[in-house]
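Please consult the sequence and the structure alongside the points below.

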Amino acid sequence: MFTLWALVEASLLCLNAICILHEERFLSKFGWGATAAQIQGFGEAPTVKAQVLNLVRSIRTVAKIPLIFLNVGAILFKLVLG
């Protein structure tokens with residue numbers, strides 16, 4: 001059954017997955033490493049690949065501490081309400 005809690009839980013799991021991705025070990029195997037996004041000229045618009053890598057890095061930087069509290073809250077919610 002699709003509920004609001006299922007949507008929140010799915011987004012929390014996706015954020016957790018993004019935060020634990022390791023660039024050098026996982027993403028560089030597919031050509032999505034740190035050096036792949038830096039090759040562009042001055043004044044050029046960033047590529048989609050560069051924008052996605054920046055989004056992943058930004059999420060990892062900003063959401064690290066709040067995710068700890070969100071995960072604890074989700075675990076407690078599941079324990080209390082099942």
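The protein chain contains three helices and zero strands, where helices (H or I, at least four residues) and strands (E, at least two) are DSSP runs numbered from the N terminus. Along the sequence the pattern reads α-α-α. This is a predicted model, in which local features need pLDDT of at least 70 and side-chain atom pairs count only at pLDDT 80 or more, while totals for chains, interfaces and linings use all residues. Residues are numbered from 1 along each chain as its sequence is written, and side-chain values use heavy atoms, with hydrogens and water left out.

**Overall features**

- Of the 82 residues of the protein chain, 17% count as buried; buried means under 20% relative accessible area, exposed over 50%, and partly exposed in between (1.4 Å probe, protein chains only).
- Among contacts with a separation of 6 or more, 60% join residues 24 or more positions apart; contact means heavy atoms within 4.5 Å.

**Packing of H1 against H2**

- The axes of H1 and helix H2 (residues 48-62) come within 9 Å and cross at roughly 100 degrees. Axes are lines fitted to C-alpha atoms, for helices over the stretch in contact, and angles run from 0 to 180 degrees between N-to-C directions.
- H1 and H2 are therefore roughly perpendicular to each other. Angles under 35 degrees count as roughly parallel, over 145 as roughly antiparallel, 65 to 115 as roughly perpendicular and the rest as oblique.
- From H1, Leu 15, Ile 18 and Cys 19 meet Val 56, Ile 59 and Arg 60 of H2.
- The residues of this contact comprise five nonpolar, no polar and one charged. Ala, Val, Leu, Ile, Met, Phe, Trp, Tyr, Cys and Pro count as nonpolar, Asp, Glu, Lys and Arg as charged, and the others, Gly among them, as polar.

- Arg 60, in helix H2, is buried, with a relative accessible area of 19%.
- Not counting residues up to four places away in sequence, Arg 60 touches Ile 18, Cys 19, Leu 21 and Glu 23.
- The Arg 60 side chain reaches the backbone oxygen of Leu 21 at 3.4 Å.
- Thr 47 lies in the loop between H1 and H2 and is partly exposed, at 45% relative accessible area.
- A polar atom of the Thr 47 side chain lies 3.2 Å from the backbone nitrogen of Ala 50.

**The aromatic pair**

- A search of the whole structure finds one aromatic pair. Trp 5 and Phe 77 form this tilted pair, 4.5 Å centre to centre with 45 degrees between the planes.
- Rings of Phe, Tyr and Trp (its six-membered ring) pair if their centres lie within 6.5 Å; planes under 30 degrees apart count as stacked, over 60 as edge-to-face and the rest as tilted.
- Trp 5 lies in helix H1 (residues 4-20) and Phe 77 in helix H3 (residues 64-81), so the pair ties together parts that are 72 residues apart in sequence.

Terms used
Polar contact = N/O pair within 3.5 Å; in protein donor to acceptor, adjacent residues only side chain to side chain.
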